[in-house]
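Here are my notes on the model you sent over. Have a look at it first, then read on with it open beside you.

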Amino acid sequence: MFAVAKDIMDAALGPHHTDSIEAYQNLSKAYGAMGSYTLAIEFQQRAIDAWESHGPSAHDVLMEARRIREQLKTKARDASTNQLPTKALPLPQSCPSGRNEETYIMTSLSARVKQA
């Protein structure tokens, strides 16, 4: 719905109108909340570009928009580096000597620790 509202505001008011810029920022927040950081950063950048056209009177909101963009970039980096592996190493299908798997794994680990 934000995208539709943004398109209507862009057509009616122009992309540099305050309401249009707020629609960009709302889209950025929505995509950021969903974890779609690439789109969130893109819409935040559009807001920054539009605020820059307002000159010195928009200094404070421009600085806030830039801060939010950097925050989104940090979240995007953290999300890409903090992903845990979804697959674990498989357990052995059969253990030598007829031992159960837990005993086999613990014995194997214990032997490796002693070697180190």
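1. A word on the ground rules. This is a predicted model, in which local features need pLDDT of at least 70 and side-chain atom pairs count only at pLDDT 80 or more, while totals for chains, interfaces and linings use all residues. Residues are numbered from 1 along each chain as its sequence is written, and side-chain values use heavy atoms, with hydrogens and water left out.

2. Helices (H or I, at least four residues) and strands (E, at least two) are DSSP runs, numbered from the N terminus.

3. On burial, 23% of the 116 residues count as buried. Buried means under 20% relative accessible area, exposed over 50%, and partly exposed in between (1.4 Å probe, protein chains only). The protein exposes about 8400 Å², of which carbon and sulfur atoms supply 58%; these areas come from the Shrake-Rupley method with a 1.4 Å probe. Among contacts (heavy atoms within 4.5 Å) between residues at least 6 apart in sequence, 42% join residues at least 24 apart.

4. Helix 1 has 12 residues and reaches 15 Å from its first C-alpha to its last, close to the 16 Å expected at 1.5 Å a residue. That expected span is 1.5 Å times one less than the number of residues. Just after helix 1 comes glycine 14, with a positive phi of about 100°.

5. How do helix 1 and helix 2 cross? Their axes come within 9 Å and cross at roughly 160°; axes are lines fitted to C-alpha atoms, for helices over the stretch in contact, and angles run from 0 to 180 degrees between N-to-C directions. That makes helix 1 roughly antiparallel to helix 2. By the cut-offs, angles under 35 degrees count as roughly parallel, over 145 as roughly antiparallel, 65 to 115 as roughly perpendicular and the rest as oblique. The residues in contact include Met9 and Leu13 of helix 1 and Tyr24 and Leu27 of helix 2.

6. Aspartate 10 deserves a look. This residue sits in helix 1 (residues 2–13) and is buried, with a relative accessible area of 19%. Not counting residues up to four places away in sequence, aspartate 10 touches Pro15, Ser20 and Tyr24.

7. Histidine 17 lies in the loop between helix 1 and helix 2. Is histidine 17 buried or partly exposed? At 33% relative accessibility, histidine 17 counts as partly exposed. Its C-alpha is separated by 8.1 Å from that of alanine 50, 33 residues apart along the chain.

8. Helix 4 (residues 59–81) has 23 residues and reaches 33 Å between its first and last C-alpha, close to the 33 Å expected. Its buried residues are Leu62, Ala65, Ile68, Arg69 and Leu72. An α-helix has 3.6 residues a turn, so residues three or four places apart point the same way. Helix 2 (18–33) and helix 3 (37–52) are among what covers the buried residues of helix 4.

9. Finally, the axes of helix 3 and helix 4 come within 9 Å and cross at roughly 165°, and the two are therefore roughly antiparallel to each other. The residues that meet include Ile41, Ile48 and Trp51 in helix 3 and Leu62, Arg69 and Leu72 in helix 4.
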